[in-house]
Amino acid sequence: MAVTIKDVAKLANVAPSTVSRVIANNPRISEKTKKKVKEAMRQLGYHPNFIARSLASQSTQAIGLVMPSSADIVFQNPFFSTVLRGLSEGAHVKHYALHMTTGKTDEEIFDGVMQMVQGGRVDGVILLYSKVEDKIQSYLRERNFPFVVIGKPFKNVEEITHVDNDNFRAAKDVTEYLIKLGHQQIAFVGGSLNMVVTVERLLGYEKAIREAGITLVNEYIVHEQFLREGGQEAIRGLLSLERPPTALVVSDDLMALGVLNTLNEIGLAVPEDMSIISFNNVIIAEMSRPPLTSVDINIFDLGFEASRSLIQLIENPKEPVKRIIIPHQIVERLTCAAPNLG
């Protein structure tokens with residue numbers, strides 16, 4: 001026979017309504033009472049029926065996650081598994097489930113978001129990217145539906161809660177790091193220019209180059225997908241130049257791994273022949289040979305703060321708009337050195 005709220009209330013010596021409030025994490029219930037009720041639930045093996053609760057409260061207790069349209073990037077790039085861990089932990093604290101959209105094209109993703117929102121499947125949405133042109137953001141704003149962006153919105157930045165790094169500053173920092181080592185021929189390998197993170201990092205790179213009095217070489221700026229193959233394509237193009245760079249700012253560790261693989265095949269040594277600094281500081285940065293100098297953008301924290309901020313917005317629609325900046329730091333390993341001018 002199924003255990004009920006009344007059974008829990010009897011064992012904990014409280015009213016059934018108190019048990020309901022504990023399940024709903026009502027702040028008016030004391031920690032002592034919460035502990036007593038949770039212990040009774042544990043002893044009896046009671047699990048709240050969230051579906052029944054959601055029908056009664058008109059809440060799904062679910063958050064929709066909107067991924068980029070490229071499945072290759074989502075499933076191959078460790079950034080996404082790490083950010084999902086943060087999102088999951090932030091949601092778990094408040095007993096929210098995660099509902100993920102999938103699709104091969106922007107249109108399929110947009111249809112998936114419409115189904116989630118209009119079908120009442122989720123209470124709010126988190127976008128795991130920020131595009132220069134994104135009709136999903138416009139759609140969610142028009143419907144006044146709670147959403148948070150991981151990344152900096154391209155438009156209406158003051159009106160959208162978002163969690164981001166200071167990508168302009170981070171790219172400027174890493175470019176200056178290479179300049180201080182003595183490099184002047186520094187290339188930038190970024191992702192799609194439709195992604196705001198690419199635009200911000202490119203601007204930071206260009207600012208550092210100009211401030212150092214170095215001539216900006218357009219051929220040193222390359223854009224590829226955030227994949228290993230993207231890095232391979234980028235470095236082949238850069239090495240074919242009449243005057244190849246001596247150092248690279250690469251926007252993603254997985255791309256940087258592609259660069260390392262290609263340089264190794266060609267017989268060029270890192271950092272003796274080419275210095276590399278990349279972004280994200282995922283596990284492959286530590287495990288690559290040589291280990292990558294990379295910018296730790298605290299990916300887990302990006303996810304955790306995004307789900308936390310969205311739940312606050314769901315529970316209090318008057319919650320003020322927030323811009324949460326997650327700090328970054330350069331993790332020095334073995335892929336950067338002074339240029340070989342011999």
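What volume does the largest cavity have?

Guide: The volume of the largest cavity is about 30 Å³. This is a predicted model, in which local features need pLDDT of at least 70 and side-chain atom pairs count only at pLDDT 80 or more, while totals for chains, interfaces and linings use all residues. Residues are numbered from 1 along each chain as its sequence is written, and side-chain values use heavy atoms, with hydrogens and water left out.

Rolling a probe the size of a water molecule over the atoms shows where empty space is left. On a 1 Å grid over the protein atoms alone, a cavity is a set of points where a 1.4 Å probe fits but cannot get out; a pocket is an open set with protein on both sides within 12 Å along at least five of seven lines, and lining residues have an atom within 4 Å of a point. Grid points are joined across faces, edges and corners, and a volume is the space filled by probe spheres set on the points.

A search of the whole structure finds one cavity of 30 Å³ or more. The largest cavity is lined by Gln-184, Ile-186, Tyr-205, Ile-209, Ile-214, Thr-215, Leu-216, Val-217 and Tyr-220. That lining has seven nonpolar residues, two polar and no charged. Here Ala, Val, Leu, Ile, Met, Phe, Trp, Tyr, Cys and Pro count as nonpolar, Asp, Glu, Lys and Arg as charged, and the others, Gly among them, as polar.

Turning to the open spaces, the largest pocket has a volume of about 580 Å³. It is lined by 33 residues, and Phe-80, Tyr-129, Met-195, Val-197 and Phe-226 are the closest to its centre. Helices α6 (78-93) and α10 (196-211) each supply at least two lining residues, and α10 gives the most, with four. The helices (H or I, at least four residues) and strands (E, at least two) are DSSP runs, numbered from the N terminus. The lining of the largest pocket divides into 13 nonpolar, 13 polar and seven charged residues.

The second largest pocket has a volume of about 340 Å³. Among its 14 lining residues, Asn-144, Phe-145, Pro-146, Phe-147 and Leu-313 lie nearest its centre. Both α8 and α14 (299-315) supply at least two residues each to this lining, which divides into nine nonpolar, two polar and three charged.

Ser-130 sits in the loop between β3 (124-127) and α8 (135-142). Ser-130 counts as buried because its relative accessibility is 5%, buried meaning under 20% relative accessible area, exposed over 50%, and partly exposed in between (1.4 Å probe, protein chains only). Its side chain reaches the backbone oxygen of Lys-152 at 2.7 Å.

Of its 342 residues, 51% count as buried. Helix α12 (residues 253-266) is largely enclosed by the rest of the structure, because 10 of its 14 residues are buried.

Note on methods:
A polar contact is a pair of N or O atoms within 3.5 Å; within protein, one must be able to donate a hydrogen and the other to accept it, and residues adjacent in sequence count only if both atoms are side-chain atoms.
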